[in-house]
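Student: I would like to learn how to read helix packing. Where do we start?

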Amino acid sequence: MNKSFVIAKKEFGSFFDSLVAYILLAAFLGFSGFFTWIQGSDVFMRREADLDVFFSVARWTLFFFIPALTMKMIAEEKKTGTIEMLLTKAVTDRDVVIGKYLGCLLLVGVALLFTIPYYVSIAWLGKIDHGATITGYIGLLLMASAYIAIGLFASSITNNQIVAFLLALLIGIFFHLLFDFLAGGTSGWLSDLFQTLSLTNHYDSISRGVVDTKDLIYFGSITAIGLFLAEYFISKR
Amino acid sequence: MDIKVLNLTKQYGAQKAVDNISFDVKPGEILGFLGPNGAGKTTTMKMIAQYLDVEHGDILIGGKSVKDNNLKRQIGYLPESNPLYYEMPIMDYLEYVASLQGYPKEKIKDRVREMIKVCGLDVEKHKLISELSKGYKQRVGLAQAMIHDPEILILDEPTTGLDPNQIIEIRDLIKNLGRQKTVLFSTHILPEVEATCDRILIINKGKIVADGTASTLRQQSQGQDVYHVRIEDGNIDDIVTSIRNMASVESVNVLDAGKHKFEVVSKPNIPSNRHLFQLCVDRKWVITELIPFETKLEDIFRDLTMN
């Protein structure tokens, strides 16, 4: 576990070395700031003291950005052979996967921290629902955690970054959008199944202000399965 | 700490990359691992470095099996293509590797400084790895393998792609380190093995075909001593017949009639050099050259690996 933190720290640092982190932060804050404060349906227009616009923009931005962060994390190490150097150090396959996961989650966390001023400003401008805002942030982090795990899995089965990126998006779009559609188009147990699988569904329920164990288990399972599969594919060599 | 490889086999599909090999490397020994491309050297080394799992057979490191112990900490490994994080600065990279290996935190900085000095990276230490020349990258590769002061070093072709000066430097480095450590290194450069290694292991098609020091290998492959002699003051035919009639000589050839040079092949295990000398003294001939002729390692290698 200790080694995971060493790896996480390095991964976090290398996002900044490669400028990826700056691009992500600039784009994330740019998009979410623009839609929250400036564009048509912003807080001033709606005259409602909440961060709903921010959350929905952030949800989509993270959906696209996380695969871009995770795509190289394992695929590139496989391609350049550094994975061999890394895995022959005194670490386990699991240390490596968890380290990379934590490094990426930390970057998303930092991106979200930079939006705290939005929260503070809106709380100053009107009466904000603190509960829903805090759970909204928790929801974003849980969602990020699930997508990072999916992204790492996609990165672990190929040594081509583009393939990893597209695959992560493809898997992601099911959770983000398609399961929800499918739930609407079916009925009975099938509809229930799709409803349960839909990430949007769980995210919405959390961001309404209630953190249900069911939702935590959902995000926890996707994260665990993604990381487990990533570890499995790393161990196959 | 020693390495014991026992009946190791590795199969890729129908092909056996490593076929039931056994050998050991003693502490303080430098073992040269030779073989043509695809012979199974890298696969074996990857298994010792615990990158690949051992399926059949076993590898013992300091008496413990790699199957049920995590012994990576004891090993410094330089993979074949020397993969490094090119976007990292050298010092950061070495510090990262040291902490991955669990080197005591407070000693990491000093250790990195020490390794940079040992590997001759002092001038370049503030550069990114991507900015280094191939030789310096190789030194970083060696530095990362040795950063945690392991007792065992596994080096997969540490000198490929270096210029002759760099090869000698890296070779000396390995030689110096090898005094205290157990070193297994593979190479294609045969004179290098002779210059560096205490023992040589040649493998071909996944099997060990030779194991011993350079001189024992020569003797095994050849079995009999060969001398190139130059004998003056005598009649060529007379010299040839007298030598041929000696009990310890198997055959004699004239190499250069003008210069009275001959090649004398002794019978197996009976060196003929003393008898040759005695013969010349008796006949009042003068020996001006007597060169024990050594088979080149290249020839041994070719004999063993081509068939």
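Tutor: With the angle between two axes: over 145 degrees counts as roughly antiparallel. Note that this model is predicted. Helix 4 (52-80) of chain A and helix 6 (residues 93-113) of chain A pack at about 150 degrees, with axes 11 Å apart. Helix 4 and helix 6 of chain A are therefore roughly antiparallel.

Student: Which hand does the crossing of helix 4 and helix 6 of chain A have?

Tutor: Right-handed. On the helix 4 side, the contact residues include A:Leu62, A:Ile66, A:Leu69 and A:Met73. Among their partners in helix 6 of chain A are A:Cys104, A:Leu107 and A:Val108. By class, this contact has ten nonpolar, one polar and two charged residues.

Student: Why do residues three or four places apart point the same way?

Tutor: Because an α-helix has 3.6 residues a turn. Now take helix 11 (residues 199-207) of chain A: its buried residues include A:Leu199, A:His202, A:Tyr203 and A:Ile206.

Student: What do the buried residues of helix 11 of chain A pack against?

Tutor: Helices 4, 8, 9, 10 and 12 of chain A. The axes of helix 11 and helix 12 of chain A come within 10 Å and cross at roughly 135 degrees. That makes helix 11 oblique to helix 12 of chain A. The contact involves, among others, A:Tyr203 of helix 11 and A:Phe219 of helix 12.

Student: How is the N-terminal end of helix 11 of chain A capped?

Tutor: By A:Ser198: a side-chain oxygen lies 3.4 Å from the backbone nitrogen of A:Thr200. Helix 11 of chain A is followed by A:Gly209, with a positive phi near 115 degrees.

Terms used:
Residues are numbered from 1 along each chain as its sequence is written. Chains are lettered from A and ligands numbered from 1 in the order in which they are written. This is a predicted model: local features need pLDDT of at least 70, side-chain atom pairs count only at pLDDT 80 or more; totals for chains, interfaces and linings use all residues. Side-chain values use heavy atoms; hydrogens and water are left out. Buried means under 20% relative accessible area, exposed over 50%, partly exposed in between (1.4 Å probe, protein chains only). Helices (H or I, at least four residues) and strands (E, at least two) are DSSP runs, numbered from the N terminus. Contact means heavy atoms within 4.5 Å. A polar contact is a pair of N or O atoms within 3.5 Å; within protein, one must be able to donate a hydrogen and the other to accept it, and residues adjacent in sequence count only if both atoms are side-chain atoms. Axes are lines fitted to C-alpha atoms, for helices over the stretch in contact, and angles run from 0 to 180 degrees between N-to-C directions. Angles under 35 degrees count as roughly parallel, over 145 as roughly antiparallel, 65 to 115 as roughly perpendicular and the rest as oblique. A crossing is left-handed if the near helix is turned anticlockwise from the far one by less than a right angle, and right-handed if clockwise. Ala, Val, Leu, Ile, Met, Phe, Trp, Tyr, Cys and Pro count as nonpolar, Asp, Glu, Lys and Arg as charged, and the others, Gly among them, as polar.
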